[in-house]
Amino acid sequence: MQLVNFDSADFLAKYWQKKPRLIRNAWDGWVNPVDENDVAGLACEEEVESRLIEHCDDGLTLTHGPMMADRLQTLGPAAWTLLVQAVDQFIPEVADLIEPFRFVPDWRIDDVMVSLANDGGGVGPHFDQYDVFLIQGAGKRRWQTGQKCDASSPLLPHDDLRLLADFDVQDDWVLEPGDMLYVPPGIAHNGIAVGDGCMTYSIGFRAPATSELLAHYADHVLLSMTEDPRYGDPDLVAQKNPGAIAPAALQKMQRMMLDSVSDPDQFARWAGEYATASKYPDIDWQPDEPFTRSMMESELALGQAVRRNPAKRFAFTEIDPAEVVLFVDGESYECDAEMAHMAQRLCRERITELSASEIASESAMELVVLLYNKGALELVEAD
């Protein structure tokens, strides 16, 4: 399925991280890609992140998964909503929903969350720190958007949910299957199921905070340091007051720290690994039977192609036009001129048909076999 009546350049210029946008009948022939029973089944799996929010007399209660199947089957008439994260990693048809949004760089895409709800179900007025496209898959949901929020916005007292104490409704829509709403970071919003059988897809985009980047990069720099330069002052002269920390000393210490993190090549390689790190690293996607190069060559010769695992993130950085560093699942791979074009195609295309020269390339095939055995690539019929 593809988006219709949607100009990505116009959207980025006028709406992206600026204001909400509602798009009616956003898809060319919308067909709901997943059954609610499949989503509920995922919520019962140990490795899948899920939450159940129920309305009760005291407000909202939150239960973290994995869910018990009999619990979901016996939910009463009171309003509830079930949220299941990263459904795209387990159901390829849901992963297909991401393709039309790749006008945003892949490294910014987080996952596709699916929410199921009965009449009146929802999570309450809140705001997020990331961009989100809300696609109505089945049933109806009323969406309200409101004021711009930040860390100082007052919240209701709740141990588990960050619900807004004040919600200034500025827009109010009821979305039907195939409709889509974009909500920028910090904009208050509230979704309420209208009738039973409500299913909504949330395509979220990651936005790392400065504190996260500093913490992770500082750890990386410390682990990778081969030298540990120390402060020196061979030009020291006596001070009038020995208790003073002189401006020159402060500048020198600050420069020491800045120099340790200012290598652009080191940062680029770390950023690629950080941006592609697995959201759920404990899940094992490796094939039952590891492949050798000859086994892979035989499969490709029979017309097979390789497809990226939706659970694995791919990205690359160009060193020069003929050489790139490929990043997959938090690891980096140096790609020479012989491999560079293939590495870029693996990032661009969900399904890649390797050329005869790539199959004949020892270095290219070593990379493909390695990624296959790590579960990052799988074999499929070529289109």
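Phe-11 sits in helix H1, which spans residues 8-14, and the model in which it is placed is a predicted one. With a relative accessibility of 0%, Phe-11 counts as buried, because the cut-off for that class is under 20%. The points below follow this residue to the nonpolar cores and then turn to a pair of helices.

**Surroundings of Phe-11**
- Leaving aside residues up to four places away in sequence, Phe-11 touches Phe-6, Trp-16, Arg-21, Phe-103, Phe-133 and Tyr-182.
- Between Phe-11 and Asp-179 there are 168 residues of separation in sequence, while their C-alpha atoms lie 16 Å apart in space.

**Nonpolar cores**
- The largest nonpolar core has 41 residues, of which Trp-27, Leu-82, Phe-101, Phe-133, Met-180 and Tyr-201 touch the most other members.
- At least two residues of this core come from each of helix H2 (36-43) and strands S4 (80-84), S5 (109-117), S6 (132-148), S8 (180-183) and S9 (187-205).
- Another core, of 28 residues, lies apart from it and includes Leu-326, Leu-346, Cys-347 and Leu-377.
- Phe-133 touches, among others beyond four places away in sequence, Phe-11, Trp-16, Phe-101, Met-180 and Tyr-201.

**Helices H5 and H7**
- The axes of H5 (residues 210-224) and H7 (residues 264-276) come within 11 Å and cross at roughly 120°, and the two helices are therefore oblique to each other.
- The crossing of H5 past H7 is right-handed.
- On the H5 side the contact is made by Glu-212, Leu-213, His-216, Tyr-217, His-220, Val-221 and Ser-224, and on the H7 side by Gln-266, Phe-267, Trp-270 and Tyr-274.
- Sorted by class, this contact of H5 with H7 comprises six nonpolar, four polar and one charged residues.

Definitions and conventions: Residues numbered from 1 in each chain as written. Predicted model: local features only at pLDDT ≥ 70, side-chain atom pairs only at ≥ 80, totals over all residues. Heavy atoms only, no water. Axes fitted to C-alpha atoms, helices over the stretch in contact; angles between N-to-C directions. Helix = DSSP H or I, 4+ residues; strand = E, 2+ residues; numbered from the N terminus. Parallel < 35°, antiparallel > 145°, perpendicular 65-115°, else oblique. Left-handed = near helix turned anticlockwise from the far one by under 90°. Contact = heavy atoms within 4.5 Å. Nonpolar A, V, L, I, M, F, W, Y, C, P; charged D, E, K, R; others polar. Core = buried A, V, L, I, M, F, W, Y, C linked by side-chain atoms within 4.5 Å. Buried < 20%, exposed > 50% of the residue type's maximum accessible area, 1.4 Å probe, protein only.
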